[in-house]
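Work through the following exercises with the sequence and the coordinates side by side, and try each task before reading its solution.

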Amino acid sequence: MSAWLPTAPCTPQACVEAPAGVPARAVPRAVLRLTGAVLLLLAGIALSPLGARIPASLIRRWCRWIVRAAGVRVRVTGAAVPAGGLLLVANHISWLDIPLLAAVRPARMLAKSEVRRWPVAGPLAARGGTLFIDRDRLRALPDTVARIARALREGAAVAAFPEGSTWCGRAQGTFRRAVFQAALDAGVPVQPVRIGYRLTGGTATTAPAFVGDDTLLASLWRVATTSGLVAEVEVRAPVPPGTCPDRRSLARSAQPQQTSMPAWTHTVLVA
């Protein structure tokens with residue numbers, strides 16, 4: 001792996017709040033939640049050949065249903081999302097972020113090339129029009145930016161997590177600039193989205209975070225066994241084309257407000 005790739009200091013051991021103990025009576029409920037989420041995912045795979053014939057409103061509801069089936073309530077607030085070519089960008093905490101962002105507006109996801117090889121999720125992502133980026137080959141980056149810009153010019157929405165890595169939610173990474181060049185080249189707006197996770201009482205939680213050497217199975221189980229999880233999705237005002245002169249300022253404009261702990265402080269504490 002290239003030393004230039006963005007990384008986060010977060011680890012499951014240092015950052016993630018796991019339930020202290022899962023009561024035996026809670027196990028059937030967790031299994032039922034995961035079963036429901038898997039069934040919805042399989043239904044999406046079965047319907048994916050229909051492609052553009054599936055209404056966007058149905059896709060948005062389906063994405064919400066997946067998150068809700070896992071036991072997480074969804075709250076979406078903020079601005080209306082523009083039609084036409086659009087770059088959606090959000091901070092990245094969990095695998096839940098993917099259906100949450102699609103619930104705002106269905107879009108072609110930008111994902112690392114390794115995702116193509118994942119069982120079930122890989123073929124589903126490819127069928128859904130995911131744009132894969134080879135993060136180990138920096139020379140391939142201009143071609144990737146060009147493909148994103150072409151999709152945007154054709155009127156598609158493209159969704160990306162510009163931090164390049166997942167953070168636990170106590171702090172966040174800096175938005176990388178490359179993907180914003182595609183929005184500049186295509187002359188389309190950028191739609192910033194802020195994602196956070198809380199418990200029913202309002203306390204912020206890192207339980208849904210999928211970071212470091214965490215496994216997907218462990219993260220799925222942690223989400224399914226945590227009571228009262230709420231996903232908060234804030235759709236901020238879009239950044240119109242021509243507002244920012246370059247990708248650096250555009251990335252800075254789209255960056256969500258800093259969380260309570262600065263990234264450098266969080267890095268030191270975790271280390």
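**Exercise 1. The sheet**

Seven strands form an open sheet with mixed pairing, in the order β1-β7-β6-β2-β5-β3-β4. The model is a predicted one, in which local features need pLDDT of at least 70 and side-chain atom pairs count only at pLDDT 80 or more, whereas totals for chains, interfaces and linings use all residues. Residues are numbered from 1 along each chain as its sequence is written, and side-chain values use heavy atoms, with hydrogens and water left out.

Solution. Begin with the terms: helices (H or I, at least four residues) and strands (E, at least two) are DSSP runs numbered from the N terminus, and two strands pair if DSSP finds at least two bridges between them.

**Exercise 2. Strand β2**

Task: Find which strands pair with β2 in the parallel sense, and decide whether its two faces are covered or open.

Solution. On one hand, β2 pairs with β5 (residues 157-160) in the parallel sense over four bridges, and leucine 86 stands opposite alanine 157 there. On the other, four bridges join β2 to β6 (residues 190-199), and these two strands run parallel; the bridge partner of leucine 87 in β6 is valine 190.

For the faces, recall that in a regular strand the side chains alternate between the two faces of the sheet. Leu86, Leu88 and Ala90 lie on one side of β2 and Leu87 and Val89 on the other, and all of them are buried, which leaves both faces covered (buried means under 20% relative accessible area, exposed over 50%, partly exposed in between, with a 1.4 Å probe and protein chains only). Because five of the five residues of β2 (residues 86-90) are buried, the strand is largely enclosed by the rest of the structure.

**Exercise 3. Two helix pairs**

Task: Describe how α2 packs with α3 and how α6 packs with α7.

Solution. First, α2 (residues 26-47) and α3 (residues 56-69) pack at an angle of about 160°, with their axes 8 Å apart. This makes α2 roughly antiparallel to α3 (angles under 35 degrees count as roughly parallel, over 145 as roughly antiparallel, 65 to 115 as roughly perpendicular and the rest as oblique). Their crossing is left-handed, meaning that the near helix is turned anticlockwise from the far one by less than a right angle, with clockwise giving a right-handed crossing. Contact (heavy atoms within 4.5 Å) brings Arg33, Gly36, Ala37, Leu40, Leu41 and Gly44 in α2 against Trp62, Trp65, Ile66 and Ala69 in α3. These residues divide into seven nonpolar, two polar and one charged, where Ala, Val, Leu, Ile, Met, Phe, Trp, Tyr, Cys and Pro count as nonpolar, Asp, Glu, Lys and Arg as charged, and the others, Gly among them, as polar.

Second, α6 (residues 141-153) and α7 (residues 178-186) pack at about 45°, with their axes 8 Å apart, which makes α6 oblique to α7. Here α6 passes α7 in a right-handed crossing. Finally, relate this pair to the sheet: α7 lies across β2, β3 (108-112), β5 and β6, and runs at about 155° to β2.

**Exercise 4. Burial in α4 and at arginine 222**

Task: Determine which residues of α4 are buried, and whether arginine 222 is buried or exposed.

Solution. In α4, the buried residues are Asp97, Pro99, Leu100, Leu101, Ala102, Ala103 and Val104. Since seven of the eight residues of α4 (residues 97-104) are buried, this helix is largely enclosed by the rest of the structure, and what covers its buried residues includes α3, β1, β2, β5, β6 and β7.

Arginine 222 lies in α8 (residues 216-225) and counts as buried because its relative accessibility is 9%. Leaving aside neighbours within four places in sequence, arginine 222 is in contact with Val16, Glu17, Ala18, Pro19, Ala207, Ala209 and Asp214.

Terms used: Axes are lines fitted to C-alpha atoms, for helices over the stretch in contact, and angles run from 0 to 180 degrees between N-to-C directions.
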